[in-house]
Amino acid sequence: MREHGIEEGRGSFIEGAWYIIADASTVGKRPVTVERFGARIVLFRDERGALVAARARCPHRGADLGLGRVVDGAIECPYHGFRFAADGRCVAIPCEGRAARVPGPAGDGDAGRARDALALSRFEVREHRGLVWLFWGERPAELPPVPWFDGLPPDERHAHTATMEWDVPFARAMEGMLDIHHLPFAHRPWAVGVGALLDPYEVRTEGDSIHTEGVLRHDDGRPWDGRRGWKFTMEVRFPGVLCLSFGGRALGVAACAPIDARRTAILGRYYVPIPVLGRLVAWLAVMLELRLIQPGDERMLASSEPLEPDLDACRFVRADAGILAWHKLRRARLKAPRAEAPRRLPVAAG
């Protein structure tokens, strides 16, 4: 592991992008630790209820701050009671008293500098549409907006969200998300009546967005008549957030974020905008997806060789065009100039 918890294999993590790392409803009065990008990240709320994300390792002796509590908007270490404000400053060192004078990083005895040396490493984080978004990478002069999708309901009243983990690398997980033509085979018991022919199928890339649409239908030897088959559209906000719709109606959002070099966190949300029963039906849809559909996807991806995607080891076909579009963006982003030294990932002032 490198300093700040960023693992040696971080070169595989796509930087300069927003990732969904948690369901915001899971962060309440108590802090929560999640593992992403090979690092433990603690999430908590300040005195105004705003989300804060920081390195979960206490700068003092390394305890997991997610096991602590929040006191007046500051997170308190469960081991020795050191407290850290939302801006990262150490604001309390109980064992040293209010007039603490402890050595700073260069032997400086000034209490203020010592407390700065104990400051948390923080991350850019936003709460949007009930989700926790974290910007991974060096902060640019101007942060890009948090991405979202047109056509989704304006709120989450008739939606349900759930999370899971896959024992596959992030890039493999995204391949699975973009793969449509596996449906009648990998999910045969649940895809009754879905044809295997992907035609028509269109993929286009605009900036950091990938749009795919097509029809899975039975191959009857005739051109598509515009009616038969299972129609879908998919929009991807690179690198790891996508929206799926079926029959022209938006149904769900899925998001992937790397836990480490070999594991991926996946968040899924279904929207069922019908009165009264919408949220219940959405909950049922998510539960069926996570328990019946997604385990099959994970099993196929985990059994693939090599586990880390190797484009030269595969023989892609026309129906894989969406996957290839995603890999093209990934390859370009990973080739971008990178700072080699370990670094602190800051949040915006104020």
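**Exercise 1. The largest nonpolar core**

Task: In this predicted model, determine which residues of the largest nonpolar core touch the most other members, and which element gives the core its largest share.

Solution. 
1. The core holds 59 residues, and those touching the most other members are Tyr-19, Ile-21, Leu-43 and Trp-326.
2. Helix H2 supplies the largest share of this core, namely six residues.
3. For Tyr-19, residues up to four places away in sequence are set aside; the residues touched then include Phe-37, Trp-133, Trp-136, Phe-170 and Pro-258.

**Exercise 2. Strand S13 and its partners**

Task: Identify the strands that pair with S13 and explain why S13 is described as largely enclosed.

Solution. 
1. Strand S12 (residues 197–206) runs antiparallel to S13, and eight bridges join the two. Across this pairing, Glu-202 faces Glu-213 of S13.
2. The hairpin of S12 and S13 has two residues between the strands, and Gly-207 adopts a positive phi near 65 degrees there.
3. Strand S14 (residues 230–237) is also paired with S13 in the antiparallel sense, over eight bridges. In this pairing, Thr-212 has Met-234 of S14 as its bridge partner.
4. S13 covers residues 209–217, and seven of its nine residues are buried; therefore the strand is largely enclosed by the rest of the structure.

**Exercise 3. A nonpolar surface patch**

Task: State how much accessible area the nonpolar patch on the surface has, and decide whether Val-276 and Leu-280 are buried or exposed.

Solution. 
1. The patch members, among them Trp-190, Ile-274, Val-276, Leu-280 and Trp-283, together have about 950 Å² of accessible area.
2. Val-276 sits in the loop between strand S17 (264–271) and helix H4 (278–302). Its relative accessibility is 78%, so Val-276 counts as exposed.
3. Leu-280 is located in helix H4. Because its relative accessible area is 52%, Leu-280 is exposed.
4. Leu-280 and His-158 are separated by 122 residues in sequence, while their C-alpha atoms are 7.9 Å apart in space.

Notes
Residues are numbered from 1 along each chain as its sequence is written. This is a predicted model: local features need pLDDT of at least 70, side-chain atom pairs count only at pLDDT 80 or more; totals for chains, interfaces and linings use all residues. Side-chain values use heavy atoms; hydrogens and water are left out. Patches are made of residues with over 30% relative accessible area and no salt bridge: like charges are joined within 9 Å, nonpolar side chains (Val, Leu, Ile, Met, Phe, Trp, Tyr) within 5 Å. Accessible areas come from the Shrake-Rupley method with a 1.4 Å probe; for residues, only the protein chains shown count as cover. A salt bridge is a side-chain nitrogen of Lys or Arg within 4 Å of a carboxyl oxygen of Asp or Glu. Helices (H or I, at least four residues) and strands (E, at least two) are DSSP runs, numbered from the N terminus. Buried means under 20% relative accessible area, exposed over 50%, partly exposed in between (1.4 Å probe, protein chains only). Two strands pair if DSSP finds at least two bridges between them. A nonpolar core is a set of buried Ala, Val, Leu, Ile, Met, Phe, Trp, Tyr and Cys residues joined through side-chain atoms within 4.5 Å. Contact means heavy atoms within 4.5 Å.
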